[in-house]
Structure formats: structure tokens, C-alpha cells
Amino acid sequence: MANDKENPALSKAFEALQEGKTLTSRQRRLLTDAAEVAIDNFMRSVGIVNPAEFTDECGIRHLKLGSAEGVAFIDEVEGDLYLHVEAFVMKVPSDQELIVPLYRELLELNLDIPGTCRFAIRDDAVVVVATEDLGVLRDDSDFARHIHWVMTYTDAMDSDLAKKYDRTTRKRPAKRR
Amino acid sequence: MAIAERYASRLAEQLRRGPRTQSHMSLRAILNGLGHTRRTKAVVASVHQILGAHGLSVDFTVDRPPTLDDQVAVALAPLQRAIEPVAAAEVLRPAIDLTAAADRALSATIEVRLRPADGDSSGTGFVIHADGLAVTACHVVTGERGIVRRLAVRTAKRKRGMASVVAAHPKLDFALLWLDVPGPHRCLSIGDPRTLRAAEQVVAVGHLSFLDELLEVGTLRSTVTTGTVANPAAAIHGVEWIQMNTDIDPGNSGGPLVNAAGQVVGVNVWKYPDLGAGKMALPIDYLLDDIERNVRLGKPAAAKGWLCPLCGWRDLGRKRWFCLNCGVPRGRWQK
């Protein structure tokens with residue numbers, strides 16, 4: 001994205017982004033489009049011939065790797081642009097005896113995860129998420145790395161976590177009372 | 001069988017009306033009362049079943065086979081005791097065929113609908129206490145901002161009103177609500193899902209949401225489907241479900257699954273799409289603790305406390321800023 005010699009306007013927008021200058025709406029649009037192309041390039045590299053088929057009307061790309069299902073999109077928070085990758089792991093359990101150890105285990109796992117990838121809770125779901133400022137994502141491989149991290153980590157962890165926590169501690173009575 | 005039914009019914013009635021909720025008698029007296037002249041293993045085993053169908057629990061000696069002179073304690077099952085003072089007149093007597101079972105289930109079935117501000121979910125529920133304690137599925141009472149506290153209901157007698165959600169469990173997918181509609185309500189008696197057997201016939205009752213706009217005003221809106229139990233305890237993700245081939249359609253969620261005796265044994269909650277025998281009901285015995293707790297608290301306490309919109313836990317204690325069960329900050333979700 002940074003080394004796009006054919007598009008000086010994009011290079012200029014990227015410089016402005018790196019220097020922390022206020023972006024014009026046209027620059028934001030240019031950067032967002034270029035970042036979405038980078039996500040699409042990753043999707044093509046993993047065998048998705050037509051990424052548009054997996055893109056919804058909000059520009060969110062839907063990804064799947066093994067048991068992991070996730071999304072990637074460009075997010076704008078207070079004028080700054082971010083790559084946001086998120087994958088669903090499991091629902092938060094309903095029983096305290098499972099919720100408390102799950103929360104602790106997620107925090108302990110976060111300690112050892114390399115890169116920007118981490119576990120988080122969105123409403124009633126446990127997710128793996130990575131967010132990165134577009135200003136530090138220099139080329140397609142940077143985008144690919146973030147998406148790949150989230151999806152492979154989720155695919156590796158979701159079944160183990162579900163086995164331990166996607167259940168209930170409630171028991172049926174053995175006999176009629 | 002008629003003798004046994006009459007005897008069990010009379011025994012239950014005596015205990016309900018009498019000062020004591022428990023009675024001791026010899027096994028011989030019970031077997032005679034039920035019309036048996038001989039004591040066989042099968043006959044002794046059937047005592048539990050027959051009396052259990054009438055809300056009675058029977059306590060045998062467990063360390064050796066019972067003899068005819070053994071004293072047996074016959075008592076009202078705890079749940080029957082809990083609801084008895086208000087529900088005695090309205091608890092439905094066990095039926096003997098599926099059409100009667102369906103009739104009774106229909107008379108205790110309610111329609112549950114979220115208010116427009118909370119979402120457009122609708123489903124089914126059923127009354128299990130004459131004062132108006134009802135059961136439905138958790139996902140039916142879950143709107144855009146989590147589990148709701150208040151929602152709209154319509155009873156089998158087509159009375160409209162509001163209800164308060166007092167307990168919910170997203171994983172088991174059930175919710176309990178107290179109806180604001182004045183009672184007494186027709187209610188279903190609670191059966192024992194442990195006695196369900198594969199190939200046993202069951203009845204599911206529910207409201208088909210997509211028929212709402214088509215049905216003429218005044219038409220009965222509940223529908224009944226029958227089927228058989230495929231697996232009475234299919235363990236999936238740590239929960240034992242009643243797996244069956246009884247059709248469950250959109251809007252049926254939260255409806256009762258009733259056995260041939262007209263007793264509710266499960267709550268219809270989900271299905272595997274495109275699988276004939278992939279419909280799942282939550283066994284009613286998962287809910288017994290919550291039912292007892294809420295019967296004990298009573299209807300006046302329905303509005304008390306804070307219900308976590310994410311985990312369904314009700315905090316009746318002092319006002320905390322977060323859910324003590326799942327930790328969600330209260331302010332962010334409180335309506």
C-alpha cells in the first residue's frame with residue numbers, strides 16, 4: 001500500500017496517515033479501498049476466486065478456516081483507520097462456575113499470544129480479535145499476517161475451549177422428586 | 001387400570017386436603033389398592049409410575065428388595081407441595097390418550113411476543129402454575145439488547161397482557177415468566193422425563209408465527225404435532241436433550257412437549273435443519289429448581305431484582321454495578 005508508485009494520491013494519503021495528519025474524506029476513501037484490495041488479495045491467495053461473493057453490503061469480508069468463522073474489515077474510529085479481524089470462538093457460558101475460570105483462562109492465553117491477536121468478549125460471545133493501524137500495514141503480507149493469525153489461532157483453540165466451557169454445570173435430578 | 005387410577009387419584013387428593021403431606025402404609029395395602037393381587041417385580045416397579053403420574057413420590061427401602069409388610073412413605077412430590085395451595089384446583093389430571101393430552105396442553109399454552117422496541121421475536125410458552133408462572137425458550141425472550149424483562153403474552157383464552165421474565169438460562173435455552181394476566185390459569189402438570197422411552201409418543205404444541213397474518217380473527221392459533229421420542233437423553237455439549245421427530249416450526253419454540261398422560265416433559269427449543277429426527281426439547285427436570293424457587297418467591301416478587309440481559313441471572317440482593325454471575329457492567333445494559 002505504501003509503495004504504490006502508480007497512484008501518487010494513495011502514496012500521499014498513506015504518508016499523511018503515517019504522519020498523523022488529518023485525512024480528507026477522499027484520502028480516507030482511497031486508503032480504505034486499497035486496504036480492502038489487500039484483504040481481497042489475501043482471500044485470493046487462499047483459494048477464494050471471487051472475494052466479492054464473501055463480502056456483504058457493509059464491505060465486511062467473511063472468512064472461514066476449518067472450524068473458525070471470522071470477518072475482516074476496515075474500521076474508522078475517531079478519524080483513524082484500522083484493520084479489524086475478528087473470529088467467533090464460542091458463546092459465553094451461562095453458569096458462574098464456568099464463566100469465572102473461562103475469563104481467567106482467556107487472560108492467561110492473552111499473555112502468550114504473539115502479535116496483535118488476542119481473546120476478547122463481544123456481548124455474549126468469546127472472540128479472537130486483531131486490530132492494527134493502517135499506517136503500519138505496509139504491504140499485502142502485513143494484512144495477510146493479521147488475518148492468518150486470527151483465523152489459525154481461532155481454529156486451533158475453539159474446539160478445546162468449547163470442550164471445556166461450552167456446556168452447563170446444571171445437572172438433571174437422578175430421580176423424580 | 002381404572003382401579004389403579006382411581007386409587008392413586010384418591011390417595012393424592014387425601015394428601016392434598018389433609019393436614020399431612022405424607023402417609024405411611026404397607027406395600028401390601030398399596031398393591032391391593034392398585035388392584036394387584038400378586039407381588040412381582042414389574043408390579044412393584046409400576047407403583048412408582050402410577051403414583052408418580054398423580055404427583056406422588058413413593059419411598060421404598062433401597063438396600064434390599066421390599067417385602068409386602070414394609071412400611072412405605074407416600075408423599076406429595078415437592079413441586080406439587082410447593083404449588084398446591086394455589087394450584088390444586090387447576091392442576092390438570094393425567095390424560096389417557098393423545099387427543100386428550102393435546103387438549104390439555106392447548107389449554108395451558110400461551111403466545112409470547114417481544115414488544116416492538118425490543119425486537120420482533122415471538123414464540124410459545126406454557127403455564128405450570130395456576131397463579132401464572134409460565135415457561136418458554138430463552139431465545140424467544142431475547143431481543144436486540146439481550147434478554148428482556150417485560151414482554152407481551154396472550155393466553156389460550158385469548159386474554160392479552162404483559163409478563164415479567166424472572167429467570168433465564170441461555171445455554172439450556174429456557175426462561176420463566178410471571179404473567180400479569182389475572183388467574184387462575186389452566187396449567188400443565190409436570191411429568192418425569194426420565195421415564196420417557198424411545199418410540200414413546202409425544203405431543204408438541206406451538207404457535208406458527210408465519211400463520212399469524214393469515215389466520216382469521218378468533219381462530220385458535222396454536223397447532224399440535226405428534227411424533228415419537230428418538231432418544232430420551234441425547235447428550236450434546238453437556239446437555240441431555242429429548243431428541244424426537246415431532247415437528248417444530250418457527251414460532252413453536254418454548255412450547256410444551258407433552259407425554260400421553262398429558263404431562264409436560266420438555267420444552268421445545270431447537271432442531272437440526274433437514275433432519276427428520278433432529279428436533280430437541282429440554283427435559284423439564286432441568287427447570288425444577290428454578291420453578292420451585294420462583295413459586296416460593298411468588299408472583300409479587302416478579303418485578304424485584306435485576307435480570308442480567310446476557311446470562312439471565314437475577315440479582316435479588318443489594319444493588320451491584322455488575323452482574324455477579326457473568327460480570328457484565330449493569331449500566332451499559334440496564335434499560
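## Ground rules

Two strands pair if DSSP finds at least two bridges between them. Strands (E, at least two residues) and helices (H or I, at least four residues) are DSSP runs, numbered from the N terminus.

This is a predicted model, in which local features need pLDDT of at least 70, side-chain atom pairs count only at pLDDT 80 or more, and totals for chains, interfaces and linings use all residues. Residues are numbered from 1 along each chain as its sequence is written, while chains are lettered from A and ligands numbered from 1 in the order in which they are written.

Let us begin with an open sheet in chain B, where three antiparallel strands are arranged in the order β1-β3-β2. Because β1 (22–26) and β2 (56–59) of chain B are at the edges with a single partner strand each, one side of each has no neighbour in the sheet. From one strand to the next, the twist averages 25° (axes are lines fitted to C-alpha atoms, for helices over the stretch in contact, and angles run from 0 to 180 degrees between N-to-C directions).

Strand β1(B) runs antiparallel to β3 (residues 71–76) of chain B, and five bridges join the two. Across this pairing, Met25(B) faces Val72(B) in β3(B). Helix α3 (residues 41–52) of chain B packs on the sheet and touches β2 and β3 of chain B, its direction making about 155° with that of β2(B). Here, two residues are in contact if their C-beta atoms, placed from the backbone, lie within 7 Å.

## The domains of chain B

Chain B is assigned domain 1 (2–76), domain 2 (98–103 + 191–284) and domain 3 (107–186 + 288–333); such bounds come from an automatic or database domain assignment. Between the C-alpha centres of domain 1 of chain B and domain 3 of chain B there are 37 Å.

## Chain A and one of its residues

Now for chain A, which has four helices and five strands, running α-α-β-β-β-α-β-β-α from the N terminus on. Its C-alpha atoms fill a box of roughly 75 × 35 × 30 Å along the principal axes. Of the 177 residues of chain A, 28% count as buried, meaning that 20 or more other C-beta atoms, placed from the backbone, lie within 10 Å of a residue's own.

Where in chain A does Ala87(A) lie? Ala87(A) is in strand β3 (residues 80–91) of chain A, and it counts as buried because it has 27 C-beta neighbours inside 10 Å. Leaving aside residues up to four places away in sequence, Ala87(A) touches several residues, including Ala68(A), Val127(A) and Met151(A).

Methods
Buried ≥ 20, exposed ≤ 12 C-beta atoms within 10 Å, placed from the backbone.
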